[in-house]
Amino acid sequence: MLRDIYNRPARDLRISVTDRCNFRCTSCMPLDKYVWIERQEILAYEEIARLARLFVSLGVEKIRLTGGEPLLRRGLERLVAQLAALAGLKDLCLTTNGALLTEKAAALRAAGLRRINVSLESLDPEKFRRITQRGELKRVLEGLSAAKNEGLAPIKLNAVIERGVNDDEILDLVEFARGNGFAIRFIEYMDVGNVNDWRPDKVFSKREILARIQSRYPLREAPREDPTAPAVDYEFADGGGEVGVIASVTEPFCSACTRVRLTAEGKLVTCLFAETGHDLKALLRGGAGDEELKQAITAAWSGRNDRYSEQRFTQIQSGSECQRKKIEMITLGG
Ligand code: SAM
Ligand code: SF4
Ligand code: SF4
């Protein structure tokens with residue numbers, strides 16, 4: 001199996017199918033104008049499926065489709081069908097802002113998708129609009145119902161918590177999730193990309209998130225099925241479901257990070273905070289055979305020494321700043 005410099009395998013592949021998005025979330029890509037990847041540079045579904053097959057042959061077990069907003073890519077169900085049929089793949093998931101789920105849920109389910117994650121940062125329509133700049137809460141809530149009706153399960157909500165913006169909604173979000181049978185994962189606000197104006201004091205920490213939840217719902221730590229998964233899961237003591245917290249800032253987990261990313265333009269990226277990627281598209285379109293592509297993937301992963309969140313943690317402790325020109329999250333796939 002593929003191993004990097006710190007002996008970490010490549011188990012989870014995140015595929016960004018487009019860098020385009022119908023939202024402009026303040027936490028991710030607030031800019032109105034952005035230089036989008038040219039259409040002809042975006043990998044075709046057949047190209048993505050071929051690379052995915054090679055990644056699986058090298059040890060990848062889980063694939064997540066993301067972006068940008070993956071549901072903006074036309075005919076996504078065709079890609080889902082190809083990936084769902086991959087021998088050896090144990091899990092296929094999709095992360096979406098949910099705005100187009102009403103239209104897409106049935107086709108995705110029919111193509112073989114079983115579960116989804118939906119990002120939801122606020123239940124207040126006006127605040128939702130402020131956070132996403134273009135989103136309409138009603139559409140996302142309708143999308144969630146459509147996904148549930150189509151039998152997608154489990155449905156997990158992802159909520160990034162930014163201090164002073166939506167930390168006051170943690171209990172509302174928990175109640176909404178519990179009331180609808182959704183799992184929920186809170187995510188510490190991260191310094192992804194270069195334009196979200198991140199500062200350490202905007203991070204509402206895992207400790208604070210848990211304290212807020214425990215003030216109403218006692219929790220107990222759940223047994224971890226996958227010790228490398230970034231979210232530590234908790235169960236409500238009253239049996240009302242589960243909640244996770246992804247504490248990338250206050251409890252970094254780089255030493256267990258098994259995530260490899262493929263951008264919409266075919267670059268292999270070894271960290272969410274990377275400055276560059278490894279171009280697989282040039283090889284793919286230059287006529288490379290499977291073995292040559294596998295060698296390129298192996299070479300990129302074997303040289304991986306990323307541990308940005310651990311370095312950031314040390315820097316925050318020492319009061320210094322992380323300065324790095326990163327690839328935008330919208331491009332490399334959240
Ligand atoms: N557009 C889709 C969505 O929003 O779900 C998929 C791509 S989005 C980049 C993937 C995830 O990144 C979402 O769950 C989003 O909430 C999360 N995210 C965005 N900005 C973030 C930040 N600053 N820190 C942590 N997570 C963030
Ligand atoms: Fe928001 Fe997701 Fe779009 Fe980023 S990619 S702006 S998190 S909807
Ligand atoms: Fe993985 Fe990079 Fe995040 Fe560390 S900072 S957990 S290496 S993606």
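Analyst: Happy to; here is how the labels follow from their cut-offs. This is a predicted model, in which local features need pLDDT of at least 70 and side-chain atom pairs count only at pLDDT 80 or more, while totals for chains, interfaces and linings use all residues. Residues are numbered from 1 along each chain as its sequence is written, chains are lettered from A and ligands numbered from 1 in the order in which they are written, and side-chain values use heavy atoms, without hydrogens and water.

User: Why is the contact between glutamate 47 and arginine 285 called a salt bridge?

Analyst: The term asks for a side-chain nitrogen of Lys or Arg within 4 Å of a carboxyl oxygen of Asp or Glu. Here the N to O distance is 2.8 Å, so the pair qualifies. In general, side chains of opposite charge can pair when their charged atoms come close.

User: What makes this pair a link between parts that are apart in sequence?

Analyst: Glutamate 47 sits in helix H1 (residues 45–57) and arginine 285 in helix H8 (residues 281–285), so the bridge ties together parts 238 residues apart in sequence. Helices (H or I, at least four residues) and strands (E, at least two) are DSSP runs, numbered from the N terminus.

User: Which label does aspartate 19 get, and which goes to its salt-bridge partner, arginine 20?

Analyst: Aspartate 19 has a relative accessible area of 0%, and is therefore buried. Arginine 20, at 22%, counts as partly exposed. The closest N and O atoms of this salt bridge are 3.4 Å apart.

User: How many salt bridges does a search of the whole structure find?

Analyst: The search finds 31. One of them joins arginine 199 and aspartate 201, with the closest N and O atoms 3.0 Å apart. Elsewhere, salt bridges with shared partners connect Asp4, Arg8, Arg304 and Asp306 into one network.

User: Why is aspartate 197 called exposed?

Analyst: Its relative accessible area is 52%, so aspartate 197 is exposed. Aspartate 197 lies in the loop between strand S6 (183–188) and helix H7 (206–214), and its phi is near 60°, a positive value in a residue other than glycine.

Technical notes:
Buried < 20%, exposed > 50% of the residue type's maximum accessible area, 1.4 Å probe, protein only.
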